[in-house]
Amino acid sequence: MKKLITVSTIVFIQLLFVGAEKLLAQVMVNYGSIIYSANDTIFANGGISNLTNGQGTGTIGGTFRNSGEVYLTGDWTNTSNTAAFTDILGVDGASTIRCILVGGNQNITGNDVTQFHDLDLRGTGVKQLLGIDAIVNDTLELNDRELATDVNTMYVKSTSPEAIQFQSGFVSSLNGGSLERSTAGTSSYIFPVGSSVGTMRFRPVEITPDNASFNNYDVRMANVDATTEGFPVTQRQATMSRVNDLYYHQIWRQNGFTPASITVYYDPANDGPVTGLAHWQNAPQWEDIVSTPDLSAYNLNGTTKVSWDFSNDSEAFALMKLINECGEMFVPTAFSPDGNGENDVECVYGKCVKTIYFAIYDRWGEKVFETTDQSQCWDGTFRGKEMNTAVFVYYMKATLTTGEEVSKKGNISLLR
């Protein structure tokens, strides 16, 4: 018969803190008991080991049941042959208990996968899955912490798009692990992935399913040159000038059949120019899968591949830059508006222009011409009067249909 331990707040505080100098940073061990916390707070100034009461026939695994919060400053270890947290007496599964890691570097470990209800990462340091997967049935709150999965997987089972909350926190997967999310809707599901190993990078992914069927999608950000993991960046289509050699993502659908739009976020200042997304396939090689770099969120830019069907077995995606088939943007440095039919107006020349801003200033800084239409050129007049021979300053900024941004500034000589 299982032993039921009902702990009220007052009794538990007495239990833990009488002789606190002896209990400081000790491991709380549960040998096969049911710890029942009814809206109370359990604080372990150290780790918690959830074990069995023995071995063989009649072995009972420890469990935590009902509502309340569990705080710990050390490691969480589950070797109880149970999911550790349950919500109804006698029924294993999700729990309404919030488990809060408030220490420094802390591990989630043991021989048995823990099913947390809410897992809340606070304190300092890195929280790590050490040799074991973990499941969050409701909400994973990363806050500003790194959750390192290494070779393991963090499963978030709630299909709510809000099931993962974060500020600057992220999930890292150095050695092939991943973050897996369950979906059952057409909203965007954020995968806040990154890495603190080597160059610190936060490069999240959003997956937006095409329909509301149930699916499981996995994402890993590999903070290495894809070449080192068997996807050489030099093996690419001839139309590409570059495949990002700083990092890449692995993205796959674990269960389900729903295509989804994939948005990969990047930092243009540090990742270099990006015109789209490449996928490892066919030859095998990196190939352009025609994505649209038109988003901005999380203080980053994003490029989106619409309705990816996951029919290709490869999980590898990387940022890429196409060879510039649009040519260079050109602003002449002189013109002579004398009506002879040659160089009478000052224009911006270039192909593939999606948006443009072009302005010209005199030497006192007054704006004498401005346009957002590439077909409009300056005829050398200001407020209906011809300007005299002089040197002017121009500023031009354009966005190309490839997503690339081009900025130029310099001098223009008006000659009469």
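Q: Which residues make the nonpolar surface patch of about 300 Å²?
A: Val27, Val29 and Tyr31 make this nonpolar surface patch, which covers about 300 Å². A patch takes residues with over 30% relative accessible area and no salt bridge (a Lys or Arg side-chain nitrogen within 4 Å of a carboxyl oxygen of Asp or Glu), joining nonpolar side chains within 5 Å and like charges within 9 Å. The model is predicted, so local features need pLDDT of at least 70 and side-chain atom pairs pLDDT 80 or more, while totals for chains, interfaces and linings use all residues. Residues are numbered from 1 along each chain as its sequence is written, and side-chain values use heavy atoms, without hydrogens and water.

Q: Why is Val29 called partly exposed?
A: Buried means under 20% relative accessible area, exposed means over 50%, and partly exposed lies in between (Shrake-Rupley areas, 1.4 Å probe, protein chains only). Val29 has 37% relative accessibility, so it counts as partly exposed. Val29 lies in strand 2, residues 28-31; a strand is a DSSP run of E with at least two residues, numbered from the N terminus.

Q: What makes Cys347 and Cys377 a disulfide?
A: The sulfur atoms of Cys347 and Cys377 are 1.9 Å apart. The cut-off is a pair of cysteine sulfur atoms within 2.5 Å, so the pair qualifies. A search of the whole structure finds 1 disulfide. The link of Cys347 and Cys377 is right-handed, with 110 degrees about the S-S bond. The pair links distant parts of the chain, 30 residues apart: Cys347 is in the loop between strand 34 (334-335) and strand 35 (353-361), and Cys377 is in the loop between strand 36 (367-371) and strand 37 (381-382).

Q: Is Cys347 buried or exposed, and how do you know?
A: Cys347 has a relative accessible area of 7%, which means it is buried.

Q: Why is Cys99 called buried?
A: The relative accessible area of Cys99 is 0%, so Cys99 is buried.

Q: Why is Val290 called exposed?
A: Val290 has a relative accessible area of 61%, so it is exposed. Val290 sits in the loop between strand 30 and strand 31 (292-297). Its phi is positive, about 55 degrees, although Val290 is not a glycine.

Q: What is the phi of Ser307, and where is this residue found?
A: Ser307 has a positive phi of about 50 degrees although it is not a glycine. Ser307 is found in strand 32, residues 300-308. With 35% relative accessible area, Ser307 is partly exposed.

Q: What makes strand 20 mostly covered?
A: In strand 20 (residues 178-183), 6 of its 6 residues are buried. In a regular strand the side chains alternate between the two faces of the sheet. Ser178, Glu180 and Ser182 point one way from strand 20, Leu179, Arg181 and Thr183 the other way, and all are buried.

Q: Which strands pair with strand 20, and in what sense?
A: Two strands pair if DSSP finds at least two bridges between them. Strand 17 (residues 153-156) and strand 20 pair in the parallel sense over 4 bridges, with Arg181 the bridge partner of Val156. Strand 25 (residues 215-222) and strand 20 pair in the antiparallel sense over 5 bridges, with Asn215 the bridge partner of Thr183.

Conventions. Areas by Shrake-Rupley, 256 points an atom, 1.4 Å probe, with all protein chains shown as cover.
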